[in-house]
Amino acid sequence: MGWFQKKPSRSLAPDAAKTSSSRASKGLKISSLLCDETVLFPAEGQDKAAVIEALARAVCRRAAIADWTVFLNKVLEREQGISTTLDTGLSLPHARMDGIDGILAGVAVLKTPIPDPKQSDLSIRVMFLFFSPNKQEAFSLHLQLLRGVSSLFQPALIDQITAASTPSVVLELVRKLEA
Amino acid sequence: MKPEPCPGRRVTEVVVLNTAMLTFISFWHAGAIVLCDMASTAWYIGGIVETAIGPAAPWFIVGVMFFAAPVLALYVEGSSMFVRGGVYKVVRESMGGTLAKVSVSALMFDYVLTGAISSVSAGQYLAGLVNSAFPRLSIHWSVDPKLFSVAFALAVVAYFWRQNIRGIEESSDKAVKIMSLVGVMAVVTFAWSAYTIAVRGFHWPSFETRFTPESLGWLASGQWHKRIGLLGLVIAYGHAFLGMSGVETLAQVYREMEAPKLVNLKRAALLIFFSALVLTGSVSLLAEGLIPDAIRGRYTDNLLSGLAMSMAGPHWALLLLQAFVVLVGVLILSGAVNTSIMGSNGVMNRLAEDGIMPESLRHLHPRFGTTHRMINTVVVLQALTIVLCRGDIYLLGEAYAFGVIWSFVFKSAAVLVLRFKDRSPRLWRFPLNLRAGGFDWPIGLALLFLTLLAIGLVNFTTKKVATVSGLSFTAFFFVLFTISERINRRVAARASAGHQEKFNLRQADDLSVIRAEIDKPNRLLVAVRDPNNLYHLNKILETLDSETTDLVVFTSRIRTGLGLIDETVVMDHDEQKLFTRILELAEKSGKSVTPMLVVSNEPFYAITQAAQAVGASEVVFGVSAKLSTDVQLERLAMTWGSLQQDKKQVRFRIIGPGVEHVVDL
């Protein structure tokens, strides 16, 4: 919440959620939701839940949210439902949270792919976790982000990201593709 | 070639349901189909009725054409209740299966005879033209009208057999073209007649009826018509009743009529009424008034040729007019053959859906998706009748109308009974309903039924040929249907749980196949799964503009593992039920749909791939019993983004009773 407010141009104005998707989509840069602190390179051997936990903690820390476990539990609860992993190797854990006004997001780059516990034939190579406001008017933006991230993180970008060694390189790759 | 096994979320098989890709016809097309039968009687009714009842024939013909109005109204009420209506369905719903089988057996007799009398009459006209034109061209050769008409009739039946095997859309286009030519001919004939009347004057037909022993049938011995004056009128009226043939086809084409269905049904009924009245009624009056008595006998079998040759003007011009009348006559009479094949095919389909006809008869033509075996059956019966009648139009005319009148009697009785049995509101009601005791008493319907019954009973005793041949034919078909129904008890048992449509499946390995089926600027995909949860499809059909939007109705069969790869797609019972229901909804609304089934290992990928292959700008779902609408949309947004190749915008809609979520992405 904190860092999001630092970038008012990216904040979720109530009107933005009501407008048509294309306008919302055009106004939303995925790279602008990320920063060095929220791009992680988890150590090998971690499972999906552990990566989600690390990302939730980093994202909440960046937004100055103390009770990060509430966020973690919510996203894990969502993970019990229909799968959030795509066959491109992108996993998209997400949750709609009360008490936030904008989107909080982070990325985990997995040098060694980890299996998705719900779909054994799918491997996760990049995880993009995000929280969006639990408000009806924000739902359109929530869906925009799901579509936008899925569209952006195609196998070619995922290959490049997993070859990167620092968060800034990852951010630069995302920015370049979005430009 | 089958794709290699792949861990990704793939669509491996695509099935497009050929038969279900309904295209709907306008009221012009529907009206033209019916008129090809009904208005074609103008070419032979005058001669036949005059032979039977004498010089008053045109007045009774005009009377019958006026009477078409309430009969058409009866069909509007019946069809508004059952999209796949017609006499069989309506009678079965109100009075049970046995009477329904009797009524439809009588109707089949009408259809078989329509094909025969129309095609033979066309042959007679052509033979008449050849025999009048050849001497003028110094060709000393003539044709035997009866032999020629039999050969020509067989050729016409064969031609329309082929057309109907190819499908209704093509044949309805031809019907419109034929009726346009008939319109031109009517204008030319009326204008020329007006000129002739101005030059020579006009003597109105007398009201005198002159019955022959043949036309009085079993009543001839008692001279009953002289003792009871009204009876004579009904006898004469009954002889002219063949002018009403073809009305039942209106109910058969109703399922193919485009939206707004009921409005178009009424328009078609009005078009049929006025066109038949003007053409058949006026032409019969003009023929009686303009053809001199001295030459009338020569033109009994081709009365309109006689009318053409009796106009004022040089002989060569009259010959040209006769050629035009004959040409149009040949076309419309041939069109009547087409109508009879289409109508009887529709009737037999309703019987087959009910398990009365053998299931094998519903087999679809592998290329055209038509019920070719049913068409073959009717065509063989028509050809047999043509050969057996040996070109005798009067014999056919005498036999005719049995099926017409009795199917009307049954239909009116059934609609009347339904007013008492089923008191739910009607979309449209036959007029003259008297409110008393909290119930609308159907006085108009009751009067119509009694009138039709009276005509039917009188015809029964006067038209010997019709009664004997009609009863024999009806009995034959009734026994055939009854035996067939018993043999098909298993099918009938299944039908009691709701009929299942026959589908032609066209299988392909990738989704690009669907592109060939759609050509409109807007594309909309509706995902369906549960036949009892099609609320969203219904809502979409209500507002769909079929002119500008292709509607693809999509379902997926989810398989995992190797079974996905080599699966031969044969629709299972549930899928059959689902698509039958889709087809019913499309027919009810009169909107075109393209149903599609794909085999995949993940439903959201399947929907997304299909929608993107179609180029859909809108994807519609029903409310799921398993997933919340939010989760459905989330998953769809993810797969959409993951598979999207362009930046095209899409709208997702989730529709349920009292629920509608719209998201633009």
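Does B:R390 count as buried or exposed, and how many C-beta neighbours does B:R390 have inside 10 Å? In this predicted model, B:R390 has 12 C-beta neighbours inside 10 Å and therefore counts as exposed, since the limit for an exposed residue is 12 or fewer. The backbone at B:R390 adopts a positive phi, near 55°, although the residue is not a glycine.

A positive phi in a non-glycine residue also occurs in chain A, at A:A64, with a value of about 60°. A:A64 is placed in the loop between α4 (48-62) and α5 (68-79) of chain A. The count of C-beta neighbours inside 10 Å is 10 for A:A64, so this residue is classed as exposed.

A further backbone feature is found in chain B, where the peptide bond from B:A259 to B:P260 is cis. The omega angle of this bond is near -10°. B:P260 belongs to the loop that runs between α11 (248-254) and α12 (261-290) of chain B.

The largest nonpolar core contains 160 residues. Within this core, the residues with the most contacts are B:F60, B:L72, B:F241, B:L250, B:I272 and B:I405. Helix α5 of chain B (residues 97-136) contributes the largest share of the core, with 18 residues. For B:F60, the contacts beyond neighbours within four places in sequence are with B:V49, B:I53, B:A236, B:Y237 and B:A240.

The contact between the two chains was then considered. Chain A provides 19 residues to the contact and chain B provides 18. On the side of chain B that touches chain A, at least two residues each come from α25 (629-643) and from β10 (659-664). The largest share of that side is supplied by α25(B), with 9 residues. Sorted by class, the side of chain B that touches chain A comprises 9 nonpolar, 5 polar and 4 charged residues.

How values were computed:
Residues are numbered from 1 along each chain as its sequence is written. Chains are lettered from A and ligands numbered from 1 in the order in which they are written. This is a predicted model: local features need pLDDT of at least 70, side-chain atom pairs count only at pLDDT 80 or more; totals for chains, interfaces and linings use all residues. A nonpolar core is a set of buried Ala, Val, Leu, Ile, Met, Phe, Trp, Tyr and Cys residues joined through C-beta atoms within 7 Å. A residue is buried if 20 or more other C-beta atoms lie within 10 Å of its own, exposed if 12 or fewer, and partly exposed in between; C-beta atoms are placed from the backbone. Helices (H or I, at least four residues) and strands (E, at least two) are DSSP runs, numbered from the N terminus. Two residues are in contact if their C-beta atoms, placed from the backbone, lie within 7 Å. Ala, Val, Leu, Ile, Met, Phe, Trp, Tyr, Cys and Pro count as nonpolar, Asp, Glu, Lys and Arg as charged, and the others, Gly among them, as polar.
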